[in-house]
Amino acid sequence: MMNNGKKRKKVPSTCPPRKQRMVCLMSEEEAQIVDRYLKKYQIENKARWLRETILSFIYEKMEEDYPTLFKEHDMRR
């Protein structure tokens, strides 16, 4: 099998192996949208992109929902 001149990046041993599988079903139209996006932005690793996209969305939401001492209105005064 040829690598096309690309070198593989090795995962550092400090990262635990991924063992949990998640499955998501999409319609043909949804899959085409994702594939077009990946092609447009030259993203080759779909699994990594999905994982990073989902987790970044979750982290942003968690930060927004993090309890604060004061309400947003009070802090803007």
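The second largest pocket of this predicted model is lined by 17 residues, and those nearest its centre are Met22, Ala47, Leu50, Arg51 and Ile54. A pocket is here an open set of points on a 1 Å grid over the protein atoms alone, with protein on both sides within 12 Å along at least five of seven lines, and a lining residue has an atom within 4 Å of a point. The volume of the second largest pocket is about 660 Å³, where a volume is the space filled by probe spheres set on the points, joined across faces, edges and corners. Sorted by class, its lining holds eleven nonpolar, one polar and five charged residues; Ala, Val, Leu, Ile, Met, Phe, Trp, Tyr, Cys and Pro count as nonpolar, Asp, Glu, Lys and Arg as charged, and the others, Gly among them, as polar. Helix 2 gives the largest share of this lining, seven residues, while helix 1 and helix 2 each supply at least two.

Because the model is predicted, local features need pLDDT of at least 70 and side-chain atom pairs count only at pLDDT 80 or more, whereas totals for chains, interfaces and linings use all residues. Residues are numbered from 1 along each chain as its sequence is written, and side-chain values use heavy atoms, with hydrogens and water left out.

The protein chain contains three helices and zero strands, in the order α-α-α along the sequence; helices (H or I, at least four residues) and strands (E, at least two) are DSSP runs, numbered from the N terminus. Helix 1 covers residues 28-40, and its 13 residues reach 18 Å from the first C-alpha to the last, close to the 18 Å expected at 1.5 Å a residue, the expected span being 1.5 Å times one less than the number of residues. After helix 1 comes Gln42, which is placed in the loop between helix 1 and helix 2. With a relative accessibility of 69%, Gln42 counts as exposed, since exposed means over 50% relative accessible area, buried under 20% and partly exposed in between (1.4 Å probe, protein chains only).

The structure also holds two aromatic pairs, a pair being rings of Phe, Tyr or Trp (its six-membered ring) with centres within 6.5 Å, called stacked if the planes are under 30 degrees apart, edge-to-face if over 60 and tilted for the rest. In one of them, Tyr37 and Tyr41 are tilted, at 4.7 Å centre to centre and 45° between the planes. The rings of Tyr37 and Trp49 have centres 5.3 Å apart and planes at 35°, so this pair is tilted. Tyr37, Tyr41 and Trp49 together form one aromatic cluster.

Trp49 and Leu38 are eleven residues apart in sequence, with their C-alpha atoms 8.7 Å apart in space.

For the chain as a whole, 4% of the 77 residues count as buried. Its accessible surface comes to about 8,900 Å² by the Shrake-Rupley method with a 1.4 Å probe, and carbon and sulfur atoms account for 55% of that surface.

Conventions: 1 Å grid on protein atoms, 1.4 Å probe; cavity = no way out; pocket = protein on both sides within 12 Å on 5 of 7 lines; lining within 4 Å.
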